[in-house]
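Take the points in order and find each piece as you go.

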Amino acid sequence: MLYDALAKQYADPASERAMRSLNVLCVRLVFCLYAEDAGIFGHHGMFHDYLAEFDARKMRRAVTDLFKILDTKPEKRDPYLKDDFPELAAFPYVNGGLFKDEDIEIPPFTDEIKDLLLNKASEDFDWSEISPTIFGAVFESTLNPETRRSGGMHYTSIENIHKVIDPLFLDGLKAEFASICEIGVERTRERKLREFQHKLASLTFLDPAAGSGNFLTETYLSLRRLENNILRELSHGQISFGDVNYNPIQVSINQFYGIEINDFAVTVAKTALWIAESQMMKETESIVLMHLDFLPLKTNASIIEGNALRIDWESIVPKSQLSYIMGNPPFVARAGRMKANESSSKGMLDNSQKEDRLNVFGEDLGNVDYVACWFKKASVFTKNTSIKCAFVATDSICQGQQIFPIWNNLLKDGIYINFAYKFFKWGSEADKSATVYVIIVGFSHVMSKEALLYDGNRVRKVEHISPYLTPAEDIIVSSRNRPLCDVPVFKMGNQPIDNGNYLFTKEEMESFIAKEPKSKKYFKHWLDGAGFLNNSVKYCLWLGNCSPAELKSMPECFKRVKNVKEYREKSNRKSTKKLAETPTRFQTENMPEGNFIVAPEVSSGSRRYIPMGFLDGDTLCSNKLRLMSGANLYHFGILQSNIHMAWTRTVCGYYGPSYQYSINIVYNNFPWPTPTIMQIEKIEKTAQAILDARSLYPDSSLSDLYDDVTMPPELRRAHQNNDRAVMAAYGFTKDSPAFSSESACVAELMKLYQKMVAENG
């Protein structure tokens, strides 16, 4: 509310100067509110009491004067200030640049703003208990949605920060501390504790996409809590902290480095770390029973404003001094991949970001997520070091078509995945945060003795983690134009590019035929992905084979064709303009004769199987369906098996939580079995049993039938029998590794894929 009230007071609130000034003003005010409640300024209520003396119309001047005093050393202040303005002179000097004299615009205050600041914001809330990570939420709330989207900015909850820093280093440090505490010999324990404290103070951290500093701040808090635990253990003995020249605190925010492109975020990050330092200092005081001065600020995190992909990280912190790299780099994905709820016009890289990507990788990798640049830059920077890294990333970089160009490149650098979280829904401290599905990947140039793979609430210790985030070797598939094996091809369905002129609901079709009776024979059933899964049939007016003379005899049809021609002519795409020459035809046409297998491009990831089925030539399918002509029950049985689904779940792309069934990635790379005639016949029977089980429920859609809660027992048994038949065709018996788990099955399929590629190319 305070932010909005202040924003209204600017002469030009939409200007860049006003928005930046408002951001800086709000951070300074929040720091003052914190410093007042935390006792940093002096007596409690000092900030409140100072401003309360002024009429709202004079508060702008009062705030300006206060900021100037907070940035001025005592020896450089007006020597008569104590006599003229004792309330102002009482404020301490705050260095570090938070209140530095810069050209920011402070708007006029109103009675509403005064009430919000001094009553609702000050009297009704104890700012000393604020979480420093709240600044991340404050930062995000001050940026409009389009600004956040274009920068790929997503801010991080404490819980999610710990998913990165705990396995990266914190779990190990806590375990080391616990083992030291168990040492029985007091003198040895004390020495080890002091050595451990020195170790904590020697660790150095870099966040090359620091944002508002949440990763750095929470890491600092975690290390200081460990250090305070050390001091508690030392205080149990006969250790005295009474020496006035002794500073028991060794962990410092000087150990933290960051790079951030947004200048306001840099200010927020530094302020958050100062607040964290103040809070932890109070906690330390209660342990060592010493007074520790916070002001003037003596330490400063080195958070640099700039583009991390164009800055030499060595100039920020020498790699010889660096221990860990971590963070949440920008998520700016290619169209349709960043969020499940965004249209394809959003989440696109701009020209500057494309240039960044080209500069970092040294080659054009095509449509890969911007976040991959941080992985590559960290990989190159940490070469020949033991520095460990961990980044949050969009799940797309470890799936689908992106995985080969990205990870084939990184693996050549000698990267190992030390731990990983499989994809999960990202949460933020900020309101209305974007819906994003992410992974976390910890990596380095040093192979772990045991890699940790997190999947939901489960964690497994595995020998190796592949780029697919599976416990398997580093085998990755690339896009392939033809099937790896001698099987029928899958092709996409029809793409009209007709602006809706040829597609009808049943009611619309009947109304059209009533006006144009001769058009009846030109209508066909039309299915898209959702229609196939939900028994929602539309109708298509297919005039591709209609002669010119007959078309002219049907004025309503002719009108539709003319509309399509004009629509295509207005397009900015050359290919679409060219299509205007043949307005009765589709851009992409795929109309198999006889029966064909159909598979939806997108299907719910909660389904055990992607529902596929047989259709005939009376139905036209959209480009959201994949079509396979020349297929039989054997092919259907393989495609509907748990083996094919295990492969799909591993190598496919995802649209949010839904499968994206890619022809070139999933199907064309799938290693088919080499079954005997008897095994083929068995699969044909189990495949037919799946169709028979579906037919028992004619009132149910495929979505109903393949919901794990409502799936009929007959259908479930039919699939299980089919699964066993397909497993046998691969030679996967109960004694084979592939039978033990899905990941083991995929590992065997990857080996088979690798062998087939070597043999067949």
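**Notes on the model**

1. Helices (H or I, at least four residues) and strands (E, at least two) are DSSP runs, numbered from the N terminus.

2. A word on where this comes from: it is a predicted model, in which local features need pLDDT of at least 70, side-chain atom pairs count only at pLDDT 80 or more, and totals for chains, interfaces and linings use all residues. Residues are numbered from 1 along each chain as its sequence is written, and side-chain values use heavy atoms, with hydrogens and water left out.

3. Back to helix 11: its buried residues are Arg189, Leu193, Phe196, Gln197 and Leu200. They sit on the same side of helix 11 because they cover an arc of only 105° around the axis, the arc being that of the directions from the helix axis to the C-beta atoms. An α-helix has 3.6 residues a turn, so residues three or four places apart point the same way. The buried residues of helix 11 pack against helix 10 (158–181) and helix 12 (214–236), where contact means heavy atoms within 4.5 Å.

4. Helix 11 covers residues 186–202, 17 residues in all, and reaches 24 Å from its first C-alpha to its last, close to the 24 Å expected at 1.5 Å a residue. The expected span is 1.5 Å times one less than the number of residues.

5. Now look at helix 2 (residues 16–37) and helix 4 (residues 59–70): their axes come within 12 Å and cross at roughly 70°. That makes helix 2 roughly perpendicular to helix 4. (Angles under 35 degrees count as roughly parallel, over 145 as roughly antiparallel, 65 to 115 as roughly perpendicular and the rest as oblique. Axes are lines fitted to C-alpha atoms, for helices over the stretch in contact, and angles run from 0 to 180 degrees between N-to-C directions.) Helix 2 brings Leu25, Arg28, Leu29 and Cys32 to the contact, and helix 4 brings Val63, Phe67 and Leu70.

6. Which residues of helix 28 are buried? They are Ser743, Ala744, Cys745, Val746, Ala747, Leu749, Met750, Tyr753 and Met756. Their cover includes strand 9 (458–462), helix 23 and helix 27 (713–730).

7. Helix 23 (residues 642–651) packs on helix 28 (residues 742–760) at about 85°, with the axes 9 Å apart. Helix 23 is therefore roughly perpendicular to helix 28.

8. Tyr437 belongs to strand 7 (residues 437–444) and is buried, at 17% relative accessible area. Tyr437 and Gly656 are 219 residues apart in sequence, yet their C-alpha atoms are 6.2 Å apart in space.

9. Check two loop residues as well. Asn384, between helix 15 (372–381) and strand 5 (388–394), has phi near 65°, a positive value in a residue other than glycine. Asn384 is exposed, with a relative accessible area of 78%. Asn499 has a positive phi too, near 55°, and is exposed at 52%.

10. Finally, zoom out. The chain has 28 helices and 20 strands, and buried residues make up 55% of its 761 residues.

Definitions and conventions. Buried < 20%, exposed > 50% of the residue type's maximum accessible area, 1.4 Å probe, protein only.
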